[in-house]
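Subject: Structure for you to look at

Hello,

Here is the structure I promised. Please open it first, then read my notes below.

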Amino acid sequence: MKTSTELRLAALILLLSGCLTGQVQLADTPAAHQLSGWLTAFNSGDKAAFLAFLKKNYPARAADIDNAMDFREQTGGFDLKQTGDCAAASCSAIVQERDSDQFARIVVEVDPAEPHAIKGIDLRAIPRPADFAITRITEAEALKAFHGYLEQAAAAGRFSGAALVAKNGKPVFTAVYGMADRDKKIPNQLGTQFRIGSMNKMFTATAVLQLVQAGKINLTDPLGKYLTDYPNKDVASKVTIHHLLTHTGGTGDFFGPEFDKHRLDLRTLQDYVKLYGERDLAFEPGSRWDYSNYGFLLLGLVVQKASGQDYYDYVREHIFKRAGMNSTDSLPEDQPVPGRSVGYTKREGSGEWRPNVDTLPYRGTSAGGGYSTVEDLLAFANALENHKLLDAKNVDLLTTGKVETPGGGSKYGYGFGDETSADGVRCFGHGGGAPGMNGDLKICPQSGYVIAVLANLDPQAAGHASDFITARLPKQ
């Protein structure tokens, strides 16, 4: 392990380098030395060098080296942008991903005693600080920059998928990159169907609000009014439809060891209730926000009960068909979908792109896991804004943020995120991501833009692309 003298020398070298290049300078403290050492080792992209650093300075994380290197590849490393509070045992800073516009706050805590081993590193995404605001440019300039971003990302293996930008309901930019099936040499096309992860939550929430509009669901009703035989009586009596729609019900997730064990056995929405329905609340409903896939799974059953239709039939008839979404569905994985892409993942330390087939559920649910196209997502956005799916009052109720989400800068409505940029541009929509799939839809009503990006790679292949163009398009 490095001695205090060695760490101080390394920091002084870093400080001198910063003076010569104009880069941000960290303080001369043990925690700052370790933070700069971690950044240098991580940014190198050299697995052996980074592992050697971890073994000497942060041995508790050495065993996680493969996932760390996958993360390094996803981000391209981090550039130090702003220093924070740096004391002897703790140091914070603001960093930016080299391969995206994403900012993060890093906090490193070290042992106060020599040799100041790292006790913990907290790295969290944050909204872009006002000091680093992106200048908006003309539409033509923004779309040219977007084309360049996608070209570079695709060439580096960070993007494979389709992107669409529309203005006032009509596409002004489309692009496709990469392969839908690498083995069969089938390229992605504009009409390729990509798995969309949690983006299905928008469809489920829209279905619930349709039934609210029809007088068949009341948002303040408890879950048990619709699922009268729900096993856990606390969940049934305390959790309301509003709680489920806003992720404030304390109903938890269903991903984890139990899901992995029963992944292919969970064939219906009710199968999930049989597995998780006895589980207690994670917290008092309404007391805080905590993203809950299981909560949206339950909403699918509420739609079934209130409508008298199978959930999948309901959304197919009342949302997809009405909106003209002809390539969107959630058919089981054992049914052929000729235009659907294969997802490729490097998750779980695989190191190489491989099909994500061993991570997929039997079929998508009301919580996520279906598939769509960028053109269908535009059709959905247009149908919402033109009130083909809901009246104006309920579109507003659906998409307006109600609960602050962690990290700041955005709120969660009913199955839609709602975010207003620092310069006043509001967009709502939802992203989705899992191994081998990533997508994002942003609907910006004041400016008239809709951005839809889908990728058959790990997150944030589509999310970063969507953020890039959204931040640069003009406000009007």
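How many bridges join strand β16 to strand β17? Seven, and the two strands, residues 426–434 and 437–444, run antiparallel. Within this pair, G431 stands opposite D440 in β17.

Some ground rules. This is a predicted model, where local features need pLDDT of at least 70, side-chain atom pairs count only at pLDDT 80 or more, and totals for chains, interfaces and linings use all residues. Residues are numbered from 1 along each chain as its sequence is written, and side-chain values use heavy atoms, without hydrogens and water.

The sheet is open and has eight strands, in the order β6-β5-β18-β17-β16-β15-β14-β13, with antiparallel pairing. (Strands pair if DSSP finds at least two bridges between them; helices, H or I of at least four residues, and strands, E of at least two, are DSSP runs numbered from the N terminus.) At the edges are β6 (170–177) and β13 (403–404), each pairing on one side only.

Best wishes
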